[in-house]
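Try each task with the model in view, then follow the solution step by step.

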Amino acid sequence: MKKILAISMVSTFTLTGFLGLAQAYEESRFLGIDRNADNMISMEEAADYRTRLFKEYDLNSDGKVEYEEYIQAESLRPATAAANSEVPVPDEYRQMDSDGDTVVTLEEAKAAGVERFKALDKNADQLVSKEEFVNPGL
Ligand SMILES: [Ca+2]
Ligand SMILES: [Ca+2]
Ligand SMILES: [Ca+2]
């Protein structure tokens with residue numbers, strides 16, 4: 001009887017611990033985007049963030065993020081997989097690559113950023129607050 005109680009307590013703790021961690025991660029991402037630290041992300045800050053992210057992904061700096069670059073930048077290929085093995089295209093990349101040519105241009109990345117911004121800005125005041133950013137919608 002005591003054992004069962006202990007197990008259920010542990011699993012509850014793990015779940016809360018995990019949610020807390022996920023939230024802390026989102027908060028640190030928020031702080032990285034909110035450059036002037038007013039606890040709001042403006043459209044401009046969001047666009048700057050997308051541009052920085054794009055440059056990180058564009059490993060060979062040719063102004064395009066090819067799918068292979070995205071896989072490497074995000075470490076999506078398991079370490080045990082062969083170097084050029086196919087990796088399923090994640091939704092995030094698909095959303096950015098609006099013309100589906102497996103190359104993401106800066107324009108495509110920025111357009112996807114604007115869509116993401118609008119989705120997060122639930123009260124449509126052109127600012128994303130920490131609450132709007134951290135609490136997942138739907
Ligand atoms: Ca590139
Ligand atoms: Ca494209
Ligand atoms: Ca807002």
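This is a predicted model: local features need pLDDT of at least 70, side-chain atom pairs count only at pLDDT 80 or more; totals for chains, interfaces and linings use all residues.

Residues are numbered from 1 along each chain as its sequence is written, and chains are lettered from A and ligands numbered from 1 in the order in which they are written.

**Exercise 1.** Describe how helix 2 and helix 5 cross.

*Solution.* Take residues 43-57 for helix 2 and 106-120 for helix 5; their axes come within 9 Å and cross at roughly 140 degrees. Axes are lines fitted to C-alpha atoms, for helices over the stretch in contact, and angles run from 0 to 180 degrees between N-to-C directions. The angle therefore makes helix 2 oblique to helix 5. Here, angles under 35 degrees count as roughly parallel, over 145 as roughly antiparallel, 65 to 115 as roughly perpendicular and the rest as oblique. Next, look at who meets whom: Met43, Ala46, Ala47, Arg50, Thr51 and Phe54 in helix 2 touch Leu106, Ala109, Lys110, Gly113 and Phe117 in helix 5. Contact means C-beta atoms, placed from the backbone, within 7 Å.

**Exercise 2.** Which residues form the largest nonpolar core?

*Solution.* A nonpolar core is a set of buried Ala, Val, Leu, Ile, Met, Phe, Trp, Tyr and Cys residues joined through C-beta atoms within 7 Å. The largest one has 7 residues: Phe54, Tyr57, Val65, Tyr70, Met96, Val104 and Ala109. Now zoom in on alanine 109: leaving out residues up to four places away in sequence, it touches Arg50, Phe54, Met96 and Val104.

**Exercise 3.** Is alanine 37 buried or exposed?

*Solution.* Locate alanine 37 in the loop between helix 1 (2-33) and strand 1 (40-42). Count 7 other C-beta atoms within 10 Å, so alanine 37 is exposed. The cut-offs are 20 or more other C-beta atoms within 10 Å for buried, 12 or fewer for exposed, and in between for partly exposed, with C-beta atoms placed from the backbone. Finally, check the backbone: alanine 37 has a positive phi, near 50 degrees, and is not a glycine.

Notes: Helices (H or I, at least four residues) and strands (E, at least two) are DSSP runs, numbered from the N terminus. Two residues are in contact if their C-beta atoms, placed from the backbone, lie within 7 Å.
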